[in-house]
Amino acid sequence: MAQQDYIVIEAEEDGVHVIGLTRGTDTKFHHSEKLDAGEVMIAQFTEHTSAMKIRGKAKIHTANGIIESAAKAK
Ligand code: TRP
């Protein structure tokens, strides 16, 4: 697979989860990373990862712009 752009996830509260989902016939969680407020994760889509789910309040910087996810309902 060609080299993919990096995505930057910037947590804006404690306990933000970045969840990687598998590529292929089955779409399953394969990795979950927990970020606290101010922590940043830099990630790519790969041959193993086709999608990412972000839970919690974060800024997601992509080549297509910045997306803001909302805080979890409590
Ligand atoms: N081993 C995973 C992969 O190569 C690591 C990974 C890459 C990942 N991008 C991710 C994990 C995004 C979670 C979210 O695909």
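1. In this predicted model, an oxygen atom of the ligand lies 2.4 Å from an N or O atom in the side chain of Thr 46. An oxygen atom of the ligand is likewise placed 2.5 Å from an N or O atom in the side chain of Thr 49. A nitrogen atom of the ligand is 2.8 Å from a polar atom of the backbone of Gln 44. The ligand, taken alone, exposes 360 Å², and the protein buries 71% of that area.

2. Which residues are around the ligand? They are Gly 20, His 30, His 31, Gln 44, Thr 46, His 48, Thr 49 and Met 52. Sorted by class, this shell holds seven polar residues, one nonpolar residue and no charged residues. Strands β3 (29-35) and β5 (49-55) each contribute at least two residues to the shell.

3. Thr 49 deserves a separate remark. This residue is located in strand β5. Is Thr 49 buried or exposed? Thr 49 counts as buried because its relative accessibility is 9%, and the limit for a buried residue is under 20%. Besides the ligand oxygen at 2.5 Å from its side chain, Thr 49 has a polar contact of 2.9 Å with His 30, side chain to side chain. Both Thr 49 and His 30 belong to the residues around the ligand.

4. Glu 33 is part of strand β3, which also supplies residues to the ligand shell. With a relative accessibility of 31%, Glu 33 counts as partly exposed. Gly 20 is one of the residues around the ligand.

5. The next point concerns salt bridges. How many salt bridges are there? The count comes to three. The side chains of Lys 57 and Glu 12 form one of them, with an N to O distance of 3.4 Å. This pair links distant parts of the chain, 45 residues apart: Lys 57 is in the loop between β5 and β6 (58-62), and Glu 12 is in the loop between β1 (6-11) and β2 (16-22). Lys 57 is partly exposed at a relative accessible area of 31%, and Glu 12 is partly exposed at 28%.

6. Glu 12 also forms a salt bridge with Lys 59, where the closest N and O atoms are 3.0 Å apart. Lys 59 lies in strand β6 and Glu 12 in the loop between β1 and β2, so this pair ties together parts of the chain that are 47 residues apart in sequence. Lys 59 is partly exposed, its relative accessible area being 26%.

7. A further salt bridge joins the side chains of Glu 68 and Lys 57, at 3.5 Å from N to O. Here the linked parts are strand β7 (residues 65-69), which holds Glu 68, and the loop between β5 and β6, which holds Lys 57; the two residues are 11 apart. Glu 68 counts as partly exposed, with 46% relative accessibility. Taken together, Glu 12, Lys 57, Lys 59 and Glu 68 are linked in a network of salt bridges.

8. On the surface, a nonpolar patch is formed by Tyr 6, Val 40 and Ile 42, which together have about 320 Å² of accessible area. Ile 42 is found in strand β4 (residues 40-44). Why does Ile 42 count as exposed? The reason is its relative accessibility of 57%, because exposed means over 50%.

Key:
Residues are numbered from 1 along each chain as its sequence is written. This is a predicted model: local features need pLDDT of at least 70, side-chain atom pairs count only at pLDDT 80 or more; totals for chains, interfaces and linings use all residues. Side-chain values use heavy atoms; hydrogens and water are left out. A residue is near a molecule or strand if one of its heavy atoms lies within 4 Å of it. A polar contact is a pair of N or O atoms within 3.5 Å; within protein, one must be able to donate a hydrogen and the other to accept it, and residues adjacent in sequence count only if both atoms are side-chain atoms. Accessible areas come from the Shrake-Rupley method with a 1.4 Å probe; for residues, only the protein chains shown count as cover. Helices (H or I, at least four residues) and strands (E, at least two) are DSSP runs, numbered from the N terminus. Ala, Val, Leu, Ile, Met, Phe, Trp, Tyr, Cys and Pro count as nonpolar, Asp, Glu, Lys and Arg as charged, and the others, Gly among them, as polar. Patches are made of residues with over 30% relative accessible area and no salt bridge: like charges are joined within 9 Å, nonpolar side chains (Val, Leu, Ile, Met, Phe, Trp, Tyr) within 5 Å. A salt bridge is a side-chain nitrogen of Lys or Arg within 4 Å of a carboxyl oxygen of Asp or Glu. Buried means under 20% relative accessible area, exposed over 50%, partly exposed in between (1.4 Å probe, protein chains only).
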